[in-house]
Amino acid sequence: MGELIDAFSQLDQVLAGIVAEGSRAEIVLDEVEGGSIRSKLRSIIANIPDDALKDGEWKKVLGHFLVRGKHVLLEWLNENPEVTRLEQVRELQSQLAVEAERTGARLLPMYRPVDLRTLLGVIAEIDRSVLLLDPRDTVRYESPYGQVAISHTQHVHEELIRELLTREVISATDERIVKVKKPDFLGRSQWVLKYAGHSIHANFDDIPWLLAYQSGEIDVKPGDSLRVVMQEDVYYGYSMEVIHATYTVVEVREVIRPVLPYQSGFTF
């Protein structure tokens, strides 16, 4: 239940974002009843400037949309047990826009559509929280709009999200020097390297070098650097925004030790 409440809190945050960037919606656990576990949730809306809206009832308008939006999304999940096309998610985006119109949220002057990537991410979080349950357990969302069962189905995952949102992949292979932050002592996919000032996760396709390292023939410590041939695949979305990037070390050419600072001797 804790995981599910967290996922619904993220969903409220996404839906509240239609009004203004930086707006905030928090879910508060008001009450828990015994027997079948039943929780009552309350949404708190904040960080939207009152002077930006003439109508003082804007919080009620947005609150109605948050309740209705959750109901619509859960119904859509039941109707789409398998998500394979971006058009399916665009349909959900359109349904939420219709509900924003019906509840009056779309009339708020700072309205903007729900972001597709963010929407898919919160669906993945709901899936993950429900899949933690025993298959015999049931979950349902109750609101003034009725009851909706939440199915034990994984609708989306990170790889599928990337695939749905990607229009084009551009690959480049070149020689780079990367710093080792965390080596993978057992596998080939959990190396954490530092490049251009930020951390990246890289796969290693140089199997002979990797086996020599994992058998102890090559010594590499965190803080050492590697001269490598690296392939970078950049995934671009339909608005040509960067969706994701992957890194693969094709060849390791050299281990570079850090240069220790020179310290002069002192005589006392």
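Ala196 lies in the loop between strands E6 and E7, where helices (H or I, at least four residues) and strands (E, at least two) are DSSP runs numbered from the N terminus. The structure is a predicted model, in which local features need pLDDT of at least 70 and side-chain atom pairs count only at pLDDT 80 or more, while totals for chains, interfaces and linings use all residues. Residues are numbered from 1 along each chain as its sequence is written, and side-chain values use heavy atoms, with hydrogens and water left out.

The phi of Ala196 is near 55 degrees, a positive value in a residue other than glycine, and the hairpin of E6 and E7 that contains Ala196 has 2 residues between its strands. Ala196 is exposed, with a relative accessible area of 63%; here buried means under 20% relative accessible area, exposed over 50%, and partly exposed in between (1.4 Å probe, protein chains only). Met240 also has a positive phi, near 65 degrees, and is a residue other than glycine. Met240 is placed in the loop between strand E8 (225-236) and E9, and at 40% relative accessibility it counts as partly exposed.

Across the protein chain there are 6 helices and 9 strands, and buried residues make up 40% of its 268 residues. Of the contacts in the protein chain with a separation of 6 or more, 61% are between residues 24 or more positions apart, a contact being heavy atoms within 4.5 Å.

Five strands form a closed barrel in the order E5-E6-E7-E9-E8, with mixed pairing. Neighbouring strands of this sheet are turned by 50 degrees against each other on average, direction ignored. Two strands are said to pair if DSSP finds at least two bridges between them. Strand E6 (residues 191-195) and strand E7 (residues 198-204) run antiparallel and are joined by 5 bridges, and Trp191 has Ala202 in E7 as its bridge partner. E7 and strand E9 (residues 242-256), by contrast, run parallel and are joined by 3 bridges, with Val249 in E9 as the bridge partner of Phe204. Strands of a sheet pair through backbone hydrogen bonds, either parallel or antiparallel.

Two helix pairs are set out below, with axes taken as lines fitted to C-alpha atoms over the stretch in contact and angles running from 0 to 180 degrees between N-to-C directions.

| Helix pair | Axis distance | Angle |
|---|---|---|
| H3 (residues 86-103) and H4 (residues 116-130) | within 11 Å | roughly 100 degrees |
| H4 and H5 (residues 158-165) | 10 Å | about 160 degrees |

Angles under 35 degrees count as roughly parallel, over 145 as roughly antiparallel, 65 to 115 as roughly perpendicular and the rest as oblique. H3 and H4 are therefore roughly perpendicular to each other. In their contact, Leu86, Val89, Arg90, Leu92, Gln93 and Leu96 of H3 meet Leu116, Leu119, Leu120 and Ile123 of H4, and these residues divide into 8 nonpolar, 1 polar and 1 charged. For these classes, Ala, Val, Leu, Ile, Met, Phe, Trp, Tyr, Cys and Pro count as nonpolar, Asp, Glu, Lys and Arg as charged, and the others, Gly among them, as polar.

H4 and H5 are therefore roughly antiparallel to each other. On the H4 side of this contact, Leu116, Arg117, Leu120, Gly121 and Ala124 meet Glu158, Ile161, Leu164 and Leu165 of H5, and by class the contact has 6 nonpolar, 1 polar and 2 charged residues.
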